[in-house]
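The sequence and the model are shown first.

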Amino acid sequence: MSDPIASLNPEQIKAVHRVKGPVLVLAGAGSGKTKALTHRVAYLIQTKQISPANILAITFTNKAAGEMRERIQRLIRSRSDKPFNVSTFHSFCAKVLRREAHHLGYAANFTILDADDQLTAVKQAMEMLQLDIKRTAPEAVRAHISSAKNELMDEDAYTSVASGTFQQIVAKVYRAYQDILRRNQAMDFDDLLMNLVIIFQGQPKVLARYQEQFKYILVDEYQDTNTAQYRLTSLLAAKHRNLFVVGDDWQSIYSWRGANFRNILNFHNDYPDAYIVKLEQNYRSTQNILDAAHAVIAHNKNRSDKKLWTNQASGELITVYEASNGKDEGDFIVREILAWRGRTRAQLNNFVVLYRTNAQSRALEETMLRAGLPYRVIGGVRFYERREIKDMLAFLKLLANPDDNLALQRIINLPARGIGKKTLQALEQEAYSADKGMYDYITHLNNPTPAVQEFVGVMRQIERKSPRLNLSRLLDLVLTASGYQTMLKAEGIEGETRLENIAELKSVMEKYDHLAPAEALSIFLEEVALISDTDNLTLADDAITLMTLHTAKGLEFDYVFMVGAEENLFPHSRSLMDAEELEEERRLCYVGITRARQKVYFTHAEERLIYGNLQANPRSRFIDDLPEELTEFVRRSGPVRQTSGQERRLQPGDKVIHRQFGPGVIISQTGDIVTVAFVKYGIKDLAADLADIKPK
């Protein structure tokens, strides 16, 4: 076993050694907070001989939980992660609720609804109430219900405080929505937290059992906790008070989904005897980057006091580029990336472009396409949101929980067998009148239609064979028995692509094949439901990363471009009249700057086309916050060609070669766009001054 404190700095050692009582670690960006947290777990196990079963470590993403678990295993030289309780809030709650949900009338095999299913249930509730979804947006209603649950307000509590027409509509939908969930034996993400808090508050013996098990509780990213998470943590830690929280109020950027950064600022009020440690040594960024970030965040009034420092050199200045428009902005980014690659041979994975809103990605994508540079957009259509994947999961959900009406409604007419919307609504109403789930109802019909009989036959076949199949073979059975495979094969190339996606799903499921079939299905569906945006981020393929500033939290790159740094865009127009929201925008800027290891760029444009309008906004106040001595300002003085020596205009018929696309022939050139027919990749439109095209 390795020494759990050998590689720690003095402040990290202080945090690790304080075993008893509440501990607050204020950890600046890149200061090794995860290292402190994982080494503390190792210290508790190795040095203090505390059983791993008595330790609970909580974080916010599956990826972070997985990395934390692996680090702990390496530190204590363990080959198994079974003893470790390291998970996200939602995963922990789901695990406990499988055992305790019966206190609220739920079976252990309840379904966890993903965001898409939640919206479907909201729309169903609105239809039941005869509310026009064109006049009242279901997504807005869903968001308000979610916010209420994050504040631990059930439908009765929300109804009692609802004011105004919209909130009164939400109150009605909330009640109908919860009724749909209960009939489906389903919970949404927010229910996982709220329902466990309700059980702990209403069942003292249940709470006492878990308090006794988890004597040592560690929470990462404490600044991102909402009311429900804060309350859950407080309840679990109330008996032994060995609560160790790590976080940075300067990086609290999720108030829009219920996070309350005051939970970390008020920790010493909740626990007056708390031991407070500040981690201020940064291991990621240069000193210039840290000083620039500090200059921005220093304008916030509601914050803790700390100053990050590093042993690294001062490093590169912060570059601020004033573009003429959005296209010029994108072209500058491409030129800088190619320049860095030429000087340092940096991989494209080392570059990230951060923007405030998803709408900004379109123009950036067009620039990357013109330049022939590979890129990835984090936050696009995710794997588990693809139609064919959701269809397969719906079959599996119905198998795991026959009361899941939402899953049944998705697949009962897949492939098409003549069960239309009216038939489905009639069956749903009949099942509701009979006080039965839809699947239970249709399996006991005396004279079912041939279509219904066919569907029931498919599910019966899957049910009969599933106990003998591991998870990946179960997917094969669903695919063939349902007729879904035959349906996709008839769709040609598009169907083949969708079958490839299902094959990818099978490869994911294979890692559960060593488990008993029923257990494997339950664990797999739970983990899929709780997956998050950045869990799927992989840098296996060399490509530039495009993502929102919110999504970038917790990640790091050598080179960071923060684009659209203009008033009304960043900071967002919504924040300009609200002091608290403006402080959050400033924290978001701090997060963006501190993602960088070597170099930070801010870009702004004199005008840009966004949201369908041409906007001309002044440069962001965050640029004005940057110290003059740390900043260099750049404007485009003229066109810059990427390929030196290529002065003459390319002519139609010229043979060329491109670094990525290989050999081709020039078809035409209009302005700065050159059209090339490549031998292997077909016709491409590229920017003449950016594309890496050379005469052959």
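## Salt bridges between helices

In this predicted model, Lys-397 and Asp-117 are both buried. The two residues form a salt bridge, with their closest N and O atoms 2.9 Å apart. Because Lys-397 belongs to helix α17 (residues 387-400) and Asp-117 to helix α5 (residues 115-128), the pair ties together parts that are 280 residues apart in sequence.

A salt bridge also joins Asp-191 to Lys-149, and its closest N and O atoms are 2.9 Å apart. This pair links distant parts of the chain, with Asp-191 in helix α9 (residues 189-202) and Lys-149 in helix α6 (residues 138-150), 42 residues apart. Both Asp-191 and Lys-149 are buried.

## A partly exposed pair and a network

Asp-291 forms a salt bridge with Lys-307, the closest N and O atoms lying 3.0 Å apart. Asp-291 is part of helix α14 (residues 287-297), while Lys-307 is in the loop between α14 and β9 (318-323), so the contact ties together parts that are 16 residues apart in sequence. Asp-291 has a relative accessibility of 25% and therefore counts as partly exposed. Lys-307 likewise counts as partly exposed, because its relative accessibility is 38%.

Salt bridges that share partners join Lys-33, Asp-220, Glu-221, Asp-224 and Lys-553 into one network. The count of salt bridges in the structure comes to 45.

## Helix α9

Helix α9, which holds Asp-191, has 14 residues. From its first C-alpha to its last, α9 reaches 21 Å, close to the 20 Å expected at 1.5 Å a residue. At its N-terminal end α9 is capped by Asp-188, which places a side-chain oxygen 3.1 Å from the backbone nitrogen of Asp-190.

How many of the residues of α9 are buried? Burial applies to 10 of the 14, so the helix is largely enclosed by the rest of the structure. Among the buried residues of α9 are Asp-190 and Asp-191, together with Leu-192, Leu-193, Met-194, Leu-196, Val-197, Ile-199 and Phe-200.

## Aromatic pairs

A pair of aromatic rings is described by the distance of the centres and the angle of the planes. The structure holds 16 aromatic pairs. In one of them, the rings of Tyr-158 and Tyr-174 have centres 6.2 Å apart and planes at 65 degrees, so the pair is edge-to-face.

Phe-561 lies in strand β13 (residues 557-562) and Tyr-601 in strand β14 (residues 596-605), so the pair ties together parts that are 40 residues apart in sequence. Phe-561 is buried, with a relative accessible area of 0%, and Tyr-601 counts as buried at 2% relative accessibility. Phe-561 and Tyr-601 form one aromatic cluster with Tyr-321 and Phe-332.

## Charges over rings

The ring of Tyr-601 also has a charged residue over its face: Lys-599 lies there at 5.1 Å from the ring centre. Elsewhere, the charged end of Arg-587 sits over the ring of Phe-261, 4.3 Å from the centre of that ring.

## Annotated positions and a loop contact

Which positions does UniProt list for "binding site"? The unreviewed entry gives Ala-27, Gly-28, Ala-29, Gly-30, Ser-31, Gly-32, Lys-33 and Thr-34. One of these, Lys-33, also belongs to the salt-bridge network with Asp-220, Glu-221, Asp-224 and Lys-553. Gly-28 is placed in the loop between β1 (23-27) and α2 (33-46), and its relative accessibility of 3% means that Gly-28 counts as buried.

Another loop, between β10 (351-355) and α16 (361-371), contains Ala-359. With a relative accessibility of 41%, Ala-359 counts as partly exposed. Ala-359 and Thr-548 are 189 residues apart in sequence, while their C-alpha atoms are 9.8 Å apart in space.

Methods
Residues are numbered from 1 along each chain as its sequence is written. This is a predicted model: local features need pLDDT of at least 70, side-chain atom pairs count only at pLDDT 80 or more; totals for chains, interfaces and linings use all residues. Side-chain values use heavy atoms; hydrogens and water are left out. A salt bridge is a side-chain nitrogen of Lys or Arg within 4 Å of a carboxyl oxygen of Asp or Glu. Helices (H or I, at least four residues) and strands (E, at least two) are DSSP runs, numbered from the N terminus. Buried means under 20% relative accessible area, exposed over 50%, partly exposed in between (1.4 Å probe, protein chains only). The expected span of a helix is 1.5 Å times one less than its number of residues. A polar contact is a pair of N or O atoms within 3.5 Å; within protein, one must be able to donate a hydrogen and the other to accept it, and residues adjacent in sequence count only if both atoms are side-chain atoms. Rings of Phe, Tyr and Trp (its six-membered ring) pair if their centres lie within 6.5 Å; planes under 30 degrees apart count as stacked, over 60 as edge-to-face and the rest as tilted. A charge sits over a ring if NZ of Lys or CZ of Arg is within 6 Å of the ring centre and within 35 degrees of the ring normal. UniProt positions are given in the numbering used here, feature names are shortened, and annotations may be inferred rather than shown by experiment.
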